[in-house]
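Me: I'd like to learn how to read a protein model. Could you walk me through it, one feature at a time?

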Amino acid sequence: MPMEFINQNILLIAVVVISGAGLIWPLLMGSGANQVNPGEATLLINREDAHVIDVREVDEFAGGHLPDARNIPLAKLADRVSEIDKFKDKPVIVCCASGMRSGKASGELKKLGFTKVHSLAGGVDAWVGAGLPVKKGTRNK
């Protein structure tokens with residue numbers, strides 16, 4: 001009887017399994033960094049002079065980014081880490097569009113010796129959703 005059910009509903013079962021895997025994927029992968037929401041990020045920026053690294057591509061960054069963010073696309077992070085070496089012992093907030101790339105970048109920065117790395121949960125989308133300001137253009141801090 002169970003095999004008959006499985007055979008008749010294989011697509012439905014596949015959808016359930018894939019959906020479940022998608023939900024637990026972020027928990028299994030981990031980000032290598034503390035996640036902070038937009039409110040917590042604002043406090044880190046204002047109270048601890050946290051530096052913001054945006055790991056999106058240049059055109060995404062130009063469309064709108066956190067004020068005073070530095071754009072270093074994820075693919076170029078290892079090559080350009082010398083630009084931010086001076087922040088190794090200072091708070092750093094890494095952001096991207098939704099939080100996936102920043103999680104990966106945060107893990108890389110931790111491996112490179114950065115001690116106070118935070119990933120912006122939900123990325124710039126969450127920042128905008130919280131009604132916080134963005135700047136447009138490609139000028140790096």
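This is a predicted model: local features need pLDDT of at least 70, side-chain atom pairs count only at pLDDT 80 or more; totals for chains, interfaces and linings use all residues.

Me: Let's start inside. Which residues touch the most other members of the largest nonpolar core?

Reply: The general idea is that in soluble globular proteins, nonpolar side chains tend to be buried together. Here the largest nonpolar core has 15 residues, and the ones touching the most other members are Val55, Ile84, Val94, Leu109 and Phe114. Strand 4 (92-95) and helix 6 (100-111) each supply at least two residues of this core.

Me: What does Val94 touch, leaving out residues up to four places away in sequence?

Reply: Quite a list: Ile53, Val55, Ser102, Ala105, Ser106, Leu109, Val117, His118, Ser119 and Leu120. There is also another core lying apart from the largest one, with 13 residues that include Val36, Ala41, Leu66 and Leu120.

Me: Now the cysteines. How many disulfides are there?

Reply: For a disulfide, you look for two cysteine sulfur atoms within 2.5 Å. In this model the count is zero. Take Cys95: the nearest cysteine sulfur belongs to Cys96 and is 7.2 Å away.

Me: On to charges. How many salt bridges are there?

Reply: What you look for is a side-chain nitrogen of Lys or Arg within 4 Å of a carboxyl oxygen of Asp or Glu. The count here comes to five. One of them pairs the side chains of Arg101 and Glu60, at 2.9 Å from N to O.

Me: Which parts does the pair of Arg101 and Glu60 tie together?

Reply: Arg101 sits in helix 6 and Glu60 in helix 4 (residues 58-63), so the pair ties together parts that are 41 residues apart in sequence. Arg101 is partly exposed, with a relative accessible area of 25%, and Glu60 also counts as partly exposed, at 26%.

Me: Where do Glu83 and Arg70 lie?

Reply: Their side chains meet in a salt bridge of 3.7 Å, N to O. Glu83 is in the loop between helix 5 (77-80) and strand 4, while Arg70 is in strand 3 (residues 70-71), so look at distant parts of the chain, 13 residues apart. Glu83 counts as partly exposed, at 29% relative accessibility, whereas Arg70 is buried, at 16%.

Me: What about Lys88 and Asp85?

Reply: Their side chains form a salt bridge too, at 3.9 Å from N to O. Lys88 is partly exposed, with a relative accessible area of 28%, and Asp85 is partly exposed at 34%. Elsewhere, salt bridges that share partners join Arg70, Arg80 and Glu83 into one network.

Me: Last one, the surface. Which residues make the nonpolar patch?

Reply: For this feature, you look for nonpolar side chains with over 30% relative accessible area. Met3, Phe5, Ile6, Ile10 and Leu11 make a patch of about 550 Å². Helix 1 (2-8) and helix 2 (10-29) each give two or more residues to it, and helix 1 has the largest share, three residues.

Me: Where is Ile10, and is it buried or exposed?

Reply: Ile10 is found in helix 2. Ile10 is exposed, with a relative accessible area of 51%.

Conventions: Residues are numbered from 1 along each chain as its sequence is written. Side-chain values use heavy atoms; hydrogens and water are left out. Patches are made of residues with over 30% relative accessible area and no salt bridge: like charges are joined within 9 Å, nonpolar side chains (Val, Leu, Ile, Met, Phe, Trp, Tyr) within 5 Å. Accessible areas come from the Shrake-Rupley method with a 1.4 Å probe; for residues, only the protein chains shown count as cover. Helices (H or I, at least four residues) and strands (E, at least two) are DSSP runs, numbered from the N terminus. Buried means under 20% relative accessible area, exposed over 50%, partly exposed in between (1.4 Å probe, protein chains only). A nonpolar core is a set of buried Ala, Val, Leu, Ile, Met, Phe, Trp, Tyr and Cys residues joined through side-chain atoms within 4.5 Å. Contact means heavy atoms within 4.5 Å.
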